[in-house]
Amino acid sequence: MNVLLVAPPIDMDSAKLSPCALPIGLLQLAAVLREAGHVPTLLDLATVKIPEGIEPEDYRRALLCASIRELDPGYVGINCLTSMNFPQVRRLIYDIHVEAPDIPICLGGIHPTWYYREIFEHCPEVDYIVLGEGETQTVALANAIASGDRYALQGVQSLAYRNADGALVVHPRTSYIDDLDALPLPAYDLLDFTDYHRDLSRWYNPKNHTIKTLTPLFTSRSCPFNCSFCMGHIMTGRGYREKSPDKVVDEIEILTREFGQNYFAILDENSILNKDRFIAICNDISKRGLDIQLSAVSGFYLNAVDEDIVKAYKKAGGISVSIPIESGSSYIRNTVINKNLSDETIINAVRLFKKYDLFTIGFFIMGFEEDTPSTLDESIAMMERLQLDINNTANLSPYPGTKIFARAKQNGTLLIDDNQTWNGEVLFAQRSEMRFFIKPPGLSMDELRRYRAVFNQYFLYSDRVRHEARGSR
């Protein structure tokens with residue numbers, strides 16, 4: 001059976017994000033569908049080049065409808081990561097329903113996982129929503145539709161759908177995929193990598209490679225920790241599941257030798273949690289002679305950082321690392337966020353990163369309910385002390401389902417409600433945006449804005465960024 005997988009377009013004016021991110025989640029779904037005997041097709045509307053003189057929405061609609069007519073898919077699956085994607089997704093599901101009202105539509109991703117009830121209530125065109133990690137559910141849905149009974153889903157966990165009578169059915173999750181090595185390689189052959197090329201000449205590039213694309217790489221799933229602002233567990237659960245070193249490096253080698261990729265972004269936050277495994281990955285990259293560069297864009301778990309790890313990472317091609325400090329205030333970091341991370345641990349990790357000449361990107365957050373001028377001053381003092389290449393400070397995003405959201409809602413400090421987030425009315429702020437979603441009792445809104453402006457000034461901190469104009473990725 002044909003299955004059409006769609007990545008929505010991105011509103012660049014509001015999202016301020018690159019349109020060139022490889023849709024790694026859809027590629028993994030395509031791989032398991034193909035392994036199960038189905039025929040997936042990927043349509044990435046974020047990469048479509050719009051001809052001059054044509055409205056982008058009209059052109060994308062025509063392209064989508066043409067794909068449906070050509071493929072006659074058993075169902076259309078659409079990925080929706082955040083609230084900022086959802087207005088585009090709503091247009092897509094409407095267009096699909098108008099073109100082919102009998103073709104089922106399935107949504108997946110973080111946003112519909114959390115807001116599935118609101119989406120089913122307000123979007124009658126949606127038939128299915130996969131809740132969280134979705135390889136098993138995607139295949140089960142394809143099998144049911146191919147069998148002629150699209151409602152034969154009684155044993156499928158973590159799936160919400162309308163039954164034959166139109167009533168909402170929700171199957172709770174009972175487990176996750178334990179053996180990640182059993183998953184096939186993402187279906188990279190469905191991509192034209194040139195669609196994801198852009199000018200990356202300002203990126204940090206100590207090997208002076210020709211870089212066209214930042215290639216995403218997951219080496220593990222789930223997180224055993226309990227940070228109060230994080231909603232990652234909603235998608236992948238608690239705990240820790242990892243791919244074997246061979247599996248990880250096989251994927252890197254295929255991407256390097258067969259698809260010409262040489263710049264990789266490690267997306268999982270816990271890649272170094274198992275020290276022996278991570279060092280084995282790094283050593284195997286070196287052993288196979290893969291001339292690549294690695295960027296730990298989601299950060300390393302700082303309590304696990306030691307010199308053996310940093311040395312192996314550097315030898316394998318590691319060039320940059322994000323550092324999830326979150327706050328210079330020990331109180332905010334440990335009591336409010338639950339990070340269990342000391343100043344000494346942060347300082348020692350940064351010392352090692354600098355010893356091995358890694359490009360350093362600090363992650364900070366402002367706008368916690370408990371923030372005061374004192375706690376924000378401590379973050380500024382931390383930036384001054386560490387002198388990282390970049391200090392990336394985000395306004396706190398109180399995602400539904402997190403402890404931060406629940407606490408602020410209970411205390412009356414939340415400045416948004418679910419009606420504003422489920423439909424994409426609220427886009428959680430970018431680094432320089434003067435919008436806040438929680439009102440800390442210890443700060444006026446004017447004080448928040450003043451600190452926001454100060455943190456913006458600290459974004460490009462180090463001399464090597466300012467003087468050499470190197471990029472932040």
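Is Asp 308 buried, partly exposed or exposed? Asp 308 comes out as partly exposed, because its relative accessibility is 45%. That residue returns in the fourth view below; like the rest of these close-ups, it comes from a predicted model.

**View 1. Helix H2 packs against helix H7.** Here we look at residues 24-35 (H2) and residues 135-146 (H7), whose axes sit 9 Å apart at an angle of about 45 degrees. An angle like that makes H2 oblique to H7. The crossing of H2 past H7 is right-handed. On the H2 side, the contact uses Gln 28, Leu 29, Val 32 and Leu 33, and these meet Glu 135, Thr 138, Val 139 and Ala 142 of H7. Sort the residues of this contact by type and you get five nonpolar, two polar and one charged.

**View 2. Arg 69 pairs with Glu 99.** Now for the salt bridges, of which the whole structure has 25. In this one, the closest N and O atoms of Arg 69 and Glu 99 are 3.1 Å apart. Arg 69 belongs to helix H3 (residues 56-71) and Glu 99 to helix H4 (residues 86-99), so the bridge ties together parts that are 30 residues apart in sequence. Arg 69 counts as exposed because its relative accessibility is 52%, while Glu 99, at 29%, counts as partly exposed.

**View 3. Asp 291 and Lys 207 bridge two loops.** The closest N and O atoms of this pair lie 3.1 Å apart. Asp 291 sits in the loop between helix H10 (275-287) and strand E12 (293-296), and Lys 207 in the loop between strand E7 (168-171) and strand E8 (215-217). Asp 291 is partly exposed, with a relative accessible area of 46%. Lys 207 is partly exposed too, with 34%.

**View 4. Asp 308 meets Lys 275.** Back to the residue we opened with: the side chain of Asp 308 forms a salt bridge with that of Lys 275, at 2.9 Å from N to O. Asp 308 is in helix H11 (residues 307-316) and Lys 275 in helix H10, so to speak a link between distant parts of the chain, 33 residues apart. Lys 275 counts as partly exposed, since its relative accessibility is 29%.

**View 5. Five residues share one salt-bridge network.**

Conventions
Residues are numbered from 1 along each chain as its sequence is written. This is a predicted model: local features need pLDDT of at least 70, side-chain atom pairs count only at pLDDT 80 or more; totals for chains, interfaces and linings use all residues. Side-chain values use heavy atoms; hydrogens and water are left out. Axes are lines fitted to C-alpha atoms, for helices over the stretch in contact, and angles run from 0 to 180 degrees between N-to-C directions. Helices (H or I, at least four residues) and strands (E, at least two) are DSSP runs, numbered from the N terminus. Angles under 35 degrees count as roughly parallel, over 145 as roughly antiparallel, 65 to 115 as roughly perpendicular and the rest as oblique. A crossing is left-handed if the near helix is turned anticlockwise from the far one by less than a right angle, and right-handed if clockwise. Contact means heavy atoms within 4.5 Å. Ala, Val, Leu, Ile, Met, Phe, Trp, Tyr, Cys and Pro count as nonpolar, Asp, Glu, Lys and Arg as charged, and the others, Gly among them, as polar. A salt bridge is a side-chain nitrogen of Lys or Arg within 4 Å of a carboxyl oxygen of Asp or Glu. Buried means under 20% relative accessible area, exposed over 50%, partly exposed in between (1.4 Å probe, protein chains only).
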